[in-house]
Amino acid sequence: MKVVICGAGIAGLSLAWWLGKQDWQVLVVEKASWLRDEGYMIDFFGPGYDAAERMGLLPLLQEAAYIVPELVYVDKRGKRVAGLDYELFRRMQSGRLLSLMRGDLERILFEALPGEVEIRYGCTIDSVAQDGDHVEMALSDGSGESANLLVGADGVHSRVRELVFGAEEGFIRHLGLHTAAYIFEDAKVQESLAGNFKMLSVPDRQFGLYAIRGGRIASFFVHRTPDATPDDACGALHRIYGDLGWLAPATLPHCGETCATYYDQVAQVEMLQWSKDRVTLVGDACQAVSLLAGQGASLAMLGALVLAEELGKDRPVEESLAQYEARLQPVIAKKQKEARKFVGWFVPASRWRIAARNVALRVAGLPGMGWVLRGLGT
Ligand SMILES: Cc1cc2nc3c(=O)[nH]c(=O)nc-3n(C[C@H](O)[C@H](O)[C@H](O)COP(=O)(O)OP(=O)(O)OC[C@H]3O[C@@H](n4cnc5c(N)ncnc54)[C@H](O)[C@@H]3O)c2cc1C
């Protein structure tokens with residue numbers, strides 16, 4: 001049996017790993033020219049952590065993980081105003097939580113792939129036609145492919161979803177926020193951070209910085225806006241964060257300097273059906289929960305695992321796809337609902353809300369008060 005997977009992100013690579021182990025002939029096509037470093041630091045726990053353990057990847061992930069003792073909230077002058085004790089958070093997950101750069105997770109999945117899995121970077125799918133138990137595809141490198149299954153693992157703005165299910169507008173729920181992240185080098189900023197993960201919150205905007213390996217710094221932005229995604233991400237960040245104070249003036253000039261800037265709307269994907277005949281979707285393409293859920297990568301790995309488990313059963317592909325949806329859709333709908341409730345706390349819209357969150361974080365640090373973090377959605 002042959003499968004074509006469109007997208008070599010967390011979902012696509014995980015699925016390629018599982019199906020490769022099941023002796024499927026696997027071809028992955030990825031529009032980026034190579035693996036990317038971009039993205040933010042993720043709290044990796046829950047079902048993705050369990051899946052990684054089953055894949056035997058935990059030792060590699062533990063090696064790549066960062067020790068984050070605390071998330072320190074600062075004011076515009078860089079003075080500490082509150083802190084989120086990560087140890088407490090880790091204990092709430094029974095120690096099964098890793099702080100990982102998204103790019104490191106992607107690289108480890110890539111390096112673990114069985115040798116038979118083929119990946120074509122710089123390639124996408126131009127057209128899809130279903131023909132009985134086969135899917136015929138035209139690829140952007142001029143080749144044609146015929147497979148028993150096509151899986152769209154190509155993220156929130158999925159091309160496969162557009163080709164087979166229809167325009168993006170029908171499936172995306174915007175949560176009224178935009179997010180951005182980029183990595184840069186700056187000795188002075190590095191010194192000011194003193195090894196901490198620091199975040200500045202003002203109404204409708206959050207700006208965070210943390211040092212990562214190789215003398216680099218990762219930046220993280222989230223703001224409330226009704227706008228569409230801007231064409232010029234760095235220009236938008238300058239406009240929105242230019243007056244913020246603290247380390248923003250030192251950080252913004254580095255935008256676009258080295259690796260690309262990640263910039264997107266914070267959105268969820270909601271679909272009644274994830275599969276049509278021999279085409280299905282996995283990860284953000286059909287189940288995006290948004291960064292507010294804090295589990296996008298973890299749930300993408302769960303999606304890949306459940307899909308592979310169902311495809312591994314001896315029965316028609318269509319039945320396996322129906323079971324995959326039946327098992328996963330309720331889990332995702334619950335996470336999406338929980339994430340939506342958290343919008344007001346994630347990027348507080350007023351000073352009193354920021355103050356209330358800071359008090360809640362202080363209380364959560366007291367013995368036996370960890371449940372307060374759950375109330376904040378963490
Ligand atoms: C470079 C990068 C940086 C990210 N940074 C952040 C971040 O800072 N904050 C945040 O909240 N989320 C970020 N994300 C999204 C986050 O990784 C996902 O929400 C989560 O990991 C679920 O993964 P996924 O594999 O389903 O989707 P994604 O991680 O989005 O992976 C989809 C993959 O498909 C590829 N692709 C897209 N379109 C096509 C196409 N037409 N043809 C072929 N391939 C295609 C993409 O290049 C990507 O490799 C980032 C994603 C990427 C790719």
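1. In this predicted model, the ligand is surrounded by 28 residues. The closest of them are A11, E30, R36, T124 and D284. By class, this shell comprises 13 nonpolar, seven polar and eight charged residues.

2. The protein buries 91% of the 910 Å² that the ligand exposes when taken alone.

3. As to secondary structure, at least two shell residues come from each of α1 (10-21), β2 (25-30) and α11 (296-311). The greatest contribution to the shell is that of α11, with three residues.

4. The largest nonpolar core contains 113 residues, and the members touching the most others are F44, L105 and L292. Here too α11 gives the most, supplying 11 residues to this core. In general, nonpolar side chains of soluble globular proteins tend to be buried together.

5. The surroundings of F44 may be inspected individually. Leaving aside residues up to four places away in sequence, F44 touches Y49, A52, L61, R96, L97, L98, L100, L105, S298 and M301. The list thus includes L105, itself one of the core members with the most contacts to other members, as well as the charged residue R96.

6. A further core lies apart from the largest one. This other core has 25 residues, including V189, L200, L209 and C255.

Methods: Residues are numbered from 1 along each chain as its sequence is written. This is a predicted model: local features need pLDDT of at least 70, side-chain atom pairs count only at pLDDT 80 or more; totals for chains, interfaces and linings use all residues. Side-chain values use heavy atoms; hydrogens and water are left out. A residue is near a molecule or strand if one of its heavy atoms lies within 4 Å of it. Accessible areas come from the Shrake-Rupley method with a 1.4 Å probe; for residues, only the protein chains shown count as cover. Helices (H or I, at least four residues) and strands (E, at least two) are DSSP runs, numbered from the N terminus. A nonpolar core is a set of buried Ala, Val, Leu, Ile, Met, Phe, Trp, Tyr and Cys residues joined through side-chain atoms within 4.5 Å. Buried means under 20% relative accessible area, exposed over 50%, partly exposed in between (1.4 Å probe, protein chains only). Contact means heavy atoms within 4.5 Å.
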